[in-house]
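User: I would like to learn how to read a structure step by step. Could you take me through a few features, giving the general idea before each case?

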Amino acid sequence: MSPLSRGLTSRLQQLLTITPKTSSAPYIFISRFGTDSIVDGSEIEERESRIIEAKPGVMTRKSVRTGVVAVKCGMTAVWDKWGARIPTTVLWIDDNIVSQVKTVEKEGIFALQIGCGQKKEKHLTKPEVGHFRAQGVALKRKLREFPVTEDALLPVGTSVGVRHFVPGQYVDITGISRGKGFQGGMKRYGFKGMPASHGASLSHRSIGSTGQRDAPGKVFKGKKMPGRMGGKQRTVKNVWVYKIDPARNMMWVKGPVPGAEGNFVFIKDAVYDQLNDKSLLPFPTYFAAEDEETSEMEPLVADLGEEDPYMMAD
């Protein structure tokens, strides 16, 4: 018998001979957020019976809400009440629901898994189908996990719509940038290029010297050179929400957003707290009233004030 087999056998015998304590809960050594501590087993049993309710709460300065998964529809232009043109990107929040709740007691973090869209069972793998069946939710096309604070947890199956955001607030949007293939230094980094007049033969768009002769006689790592461009995850911060349409679950944000039309993007509150008035944000999300008809609601536009910001003061 090998030493590994003898070690496994002895370990199994030790586990079988251990008698559980019935008088008091055992003490368990756990690691939480990188800090080691010893807690009573009875406390863990109480935490496992956590009750998560879908009800409005009070948002504190340290509270972190969940984000949503949206589909980029394209760019357009809108005109405000003073006639100024605002370039915007249209995003569609397609049937977002909470598909899984992660807690410190089980997974070690507080997070919500959000599912977007719909997908047929034949287009999913068996582990994916088993995950949705275990959670008791519909089959989703895209999943994304958003870390949240304990007071921002939502039960499984809770719908998160476009009313989760408020016109006029700032958000961070993450997506996969457009892939442009293998490109040269001029297109990839904006290099000037070589001389375009006499004496430069077939090297007008070259990046030039890279090795610095004998000292150091090599190309340093990270040198800007031709290579694959785009197709990477990028985040645009402090994007202003101009308008939301609850009837169609769509929102308009100012400026460009990473990705091509039809790609998924992930939206969450801006990390800079001073930009958003947290008292105006629905917490942990927006809960519609029973008699509220979302299909009949008019689009909500950000408050631009009463004075034209483009007019020069006297």
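User: Which residue in E14 is the bridge partner of Val 71?

Analyst: This is a predicted model, in which local features need pLDDT of at least 70 and side-chain atom pairs count only at pLDDT 80 or more, while totals for chains, interfaces and linings use all residues. Residues are numbered from 1 along each chain as its sequence is written, and side-chain values use heavy atoms, with hydrogens and water left out. Strands are DSSP runs of at least two residues (E) and helices of at least four (H or I), numbered from the N terminus, and two strands pair if DSSP finds at least two bridges between them. Here the bridge partner of Val 71 is Phe 264 in E14, and E3 and E14 pair in the antiparallel sense over 4 bridges.

User: How many bridges join strand E9 to E14?

Analyst: Strand E9 (residues 170-176) and E14 run antiparallel and are joined by 5 bridges, with Ile 173 standing opposite Ile 267 in E14.

User: Why is E14 described as largely enclosed?

Analyst: A residue is called buried under 20% relative accessible area, exposed over 50% and partly exposed in between, using a 1.4 Å probe and protein chains only. Because 5 of the 6 residues of E14 are buried, this strand is largely enclosed by the rest of the structure.

User: Where is Ser 63 placed, and is Ser 63 buried or exposed?

Analyst: Ser 63 lies in the loop between helix H2 (41-48) and strand E3 (68-79), and Ser 63 is buried, with a relative accessible area of 4%.
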